[in-house]
Amino acid sequence: MKCHDCNVDGDEGDRYCSQCGAYLAVQPGPAPLELLQLSPTDFLTAVASGVPLIWKNASRLWSEANELSLAGSRRGVCILQGLAEEEAAKALILLDAVRCPEAFKFEFSRLLKQIDQHVGKGVYVSYYDTSPSDMTDVKRIVDRERQGFYREGEYGEFILPNRIKTSRESRLYVSYVRNDDGTSEWIAPRDPLDFEVRSRSGTIRVVEALFAAGIFEVEAMKVFRDYWRKIPFADIGTDPLAVDLDRSIRWRELTDLNFGMLKELDHLSLLSSAATVEHQQTLIRELLFPLYPFDLRITKNFSGLPPPDSPYY
């Protein structure tokens, strides 16, 4: 962002010029860009006021999916469930931004821009239904879910677009598509098998536990932020043999860190009495590695797809 008074370039997210101190006026924009204009203190306050509303909306959507399912087989059940999961994912994106170290400005900005992106939120939904053992696992999961295209079939003979985007649209819309043989056709929304309410996904369980534990309160969120910022996570690739195991945080260590976070909140009398043993166990076991080290944007990998495995290709 450039200062109009002295023409000095500033970092994205700066509200005041580093040279003359002038306020850097910006035009109104989407939520991610507005949040990037806030100071660290104001950002934390904004997140603390927003995530309870996000959880309220997500839990209401999930409850209404339950209510709708009582009327019999209804397509709206899976639609409401998907929207609830996306909302819960939005809360997790914001909380990962809160625990992103202050020096990681690029990663912070890149992550925050995903709160209104369906694929970015979908990566979180898929990720929170896995159990990664370390950051190499996390990298593989993220890279798989954000592929623009992937191969499917017995030999990988079919090329399909991004799974998250396609799955979402196939529940909602009639689409005009082109097939591999060059023909085109209209595709009606698929009849999913999940008209009945599924068990709550990882995003729903974890955000509910965070809310119950009182972590959405400003003072508790400050402790949450300061605790995690001392433990920076990094993209270490997908090759476990190339990783220094002494510096790699594994799942067992992550559960210890989650437990330590709850102990610190309890020691400061900031752990809510509404947090049941089940909520605490959910946070210990299911609050996963943060995703701020990774690019969640959809990839343009069509030209890089490998050929089918069939020997007759």
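Glu-152 stands opposite Phe-158 in strand β2. Strands β1 and β2 run antiparallel and are joined by four bridges. This is a predicted model, in which local features need pLDDT of at least 70, side-chain atom pairs count only at pLDDT 80 or more, and totals for chains, interfaces and linings use all residues. Residues are numbered from 1 along each chain as its sequence is written, and side-chain values use heavy atoms, with hydrogens and water left out.

- Helices (H or I, at least four residues) and strands (E, at least two) are DSSP runs, numbered from the N terminus.
- Two strands pair if DSSP finds at least two bridges between them.
- Phe-149 has Pro-161 as its bridge partner in β2.
- Five residues lie between the two strands of the hairpin, and Gly-153 takes a positive phi near 115 degrees there.

**Aromatic pairs**

- A pair of aromatic rings is described by the distance of the centres and the angle of the planes.
- Rings of Phe, Tyr and Trp (its six-membered ring) pair if their centres lie within 6.5 Å; planes under 30 degrees apart count as stacked, over 60 as edge-to-face and the rest as tilted.
- The whole structure holds ten aromatic pairs.
- One of them is edge-to-face: Phe-149 and Phe-302, at 5.1 Å centre to centre with 75 degrees between the planes.
- Phe-149 lies in β1 (residues 149-152) and Phe-302 in the segment after α11 (277-286), so this pair ties together parts that are 153 residues apart in sequence.
- Phe-149 is partly exposed, at 29% relative accessible area. Phe-302 is also partly exposed, at 48%.
- On this scale, buried means under 20% relative accessible area, exposed over 50%, and partly exposed in between (1.4 Å probe, protein chains only).
- Tyr-176 and Trp-186 have ring centres 5.0 Å apart and planes at 55 degrees, so their pair is tilted.
- Tyr-176 sits in strand β3 (residues 175-178) and Trp-186 in strand β4 (residues 184-187), ten residues apart. Both residues are exposed.

**An aromatic cluster and a charge over a ring**

- Tyr-227, Trp-228, Phe-233 and Phe-289 make up one aromatic cluster.
- Over the ring of Trp-228 sits the charged end of Arg-99, 4.8 Å from the ring centre.
- A charge sits over a ring if NZ of Lys or CZ of Arg is within 6 Å of the ring centre and within 35 degrees of the ring normal.

**The largest pocket**

- On a 1 Å grid over the protein atoms alone, a cavity is a set of points where a 1.4 Å probe fits but cannot get out, and a pocket is an open set with protein on both sides within 12 Å along at least five of seven lines; lining residues have an atom within 4 Å of a point.
- Grid points are joined across faces, edges and corners, and a volume is the space filled by probe spheres set on the points.
- The largest pocket holds about 770 Å³ of space.
- Its lining has 26 residues, and Leu-160, Pro-161, Thr-166, Val-177 and Arg-178 lie nearest the centre.
- At least two lining residues come from each of β1, β2 (158-161), α7 (163-172), β3 and β4.
- The lining of this pocket has 13 nonpolar, six polar and seven charged residues.
- Ala, Val, Leu, Ile, Met, Phe, Trp, Tyr, Cys and Pro count as nonpolar, Asp, Glu, Lys and Arg as charged, and the others, Gly among them, as polar.

**The cavity**

- There is one cavity of 30 Å³ or more.
- The largest cavity has a volume of about 40 Å³.
- Arg-200, Arg-205, Glu-208, Ala-209, Glu-278, His-279 and Thr-282 line the largest cavity.
- Helices α8 (202-212) and α11 are the elements that give two or more residues to this lining.
- By class, the lining of the largest cavity has one nonpolar, two polar and four charged residues.

**Contacts across the sequence**

- Ala-31 belongs to helix α1 (residues 31-36) and is partly exposed, at 45% relative accessible area.
- Ala-31 and Ile-115 are 84 residues apart along the chain, with C-alpha atoms separated by 8.1 Å.
- Leu-305 lies in the segment after α11 and is buried, at 15% relative accessible area.
- Leu-305 and Arg-151 are 154 residues apart in sequence and 7.8 Å apart in space, C-alpha to C-alpha.

- Most residues other than glycine have a negative phi.
- Ser-269 has a positive phi, near 60 degrees.
- Ser-269 is in the loop between α10 (251-267) and α11 and is exposed, at 65% relative accessibility.
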